[in-house]
Amino acid sequence: FPVTIEVVIENSIDKIDWKIQDSTKELKGLNCVLAEAKFKGRIYNAWLCPEIPVNAGPWKLNGLPGLIIEAYDLSNSVFFSFFGN
């Protein structure tokens, strides 16, 4: 007879202490604002678009008042970029 196994994996969302900067630039046709934070042993810069009020981004980067369009660590070891229309 068939056996059903249920697996539950819990993964908490890390709270990142972002500091929004005064820098702005256009990325992919969107007006973006720079934010910086230390997370998982790295310092990240993230360019977010406040016009897209989604608290999300790539990997575990989140917690900003807009969609993260681009993010990278200061050593240039990690780089994320929004790909879409």
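Where is Gly57 found? Gly57 sits in the loop between strand 3 and strand 4. Keep in mind that this is a predicted model. With a relative accessible area of 29%, Gly57 counts as partly exposed, because that label covers values between 20% and 50%. Along the chain, Gly57 and Ala46 are eleven residues apart, and their C-alpha atoms are separated by 9.2 Å.

Five of them make an open sheet in the order 1-2-3-4-5, and the pairing is antiparallel. Strand 1 and strand 5 stand at the edges with a single partner strand each, so one side of each has no neighbour in the sheet. From one strand to the next, the twist averages 25°.

**Strand 4 and its partners**

Strand 4 takes in residues 67–73 and is mostly covered, with seven of its seven residues buried. Here, buried means under 20% relative accessible area. On one side, strand 4 runs antiparallel to strand 3 (residues 42–49), and six bridges join the two. Strand 5 (residues 79–81) also runs antiparallel to strand 4, and three bridges join that pair.

Here's how some individual residues line up across those pairings:

| Residue | Residue across from it | Where the second one is |
|---|---|---|
| Ala46 | Ala71 | strand 4 |
| Ala71 | Phe80 | strand 5 |
| Glu70 | Ser81 | strand 5 |

Glu70 has Ser81 as its bridge partner in strand 5. If you're tracking side chains along the way, remember that in a regular strand they alternate between the two faces of the sheet.

What about the turn that links strand 4 and strand 5? The two strands form a hairpin with five residues between them. Within that hairpin, Asn76 takes a positive phi near 60°.

**Out at the start of the chain**

Now for a part that comes before strand 1 (19–27): Val3 has its place in that preceding segment. Is Val3 buried or exposed? Val3 is exposed, at a relative accessible area of 64%, since exposed means over 50%. Val3 also belongs to a nonpolar patch on the surface, along with Ile5, Val7 and Ile9. Together, these four residues have about 510 Å² of accessible area.

Methods:
Residues are numbered from 1 along each chain as its sequence is written. This is a predicted model: local features need pLDDT of at least 70, side-chain atom pairs count only at pLDDT 80 or more; totals for chains, interfaces and linings use all residues. Side-chain values use heavy atoms; hydrogens and water are left out. Buried means under 20% relative accessible area, exposed over 50%, partly exposed in between (1.4 Å probe, protein chains only). Helices (H or I, at least four residues) and strands (E, at least two) are DSSP runs, numbered from the N terminus. Two strands pair if DSSP finds at least two bridges between them. Patches are made of residues with over 30% relative accessible area and no salt bridge: like charges are joined within 9 Å, nonpolar side chains (Val, Leu, Ile, Met, Phe, Trp, Tyr) within 5 Å. Accessible areas come from the Shrake-Rupley method with a 1.4 Å probe; for residues, only the protein chains shown count as cover. A salt bridge is a side-chain nitrogen of Lys or Arg within 4 Å of a carboxyl oxygen of Asp or Glu. Axes are lines fitted to C-alpha atoms, for helices over the stretch in contact, and angles run from 0 to 180 degrees between N-to-C directions.
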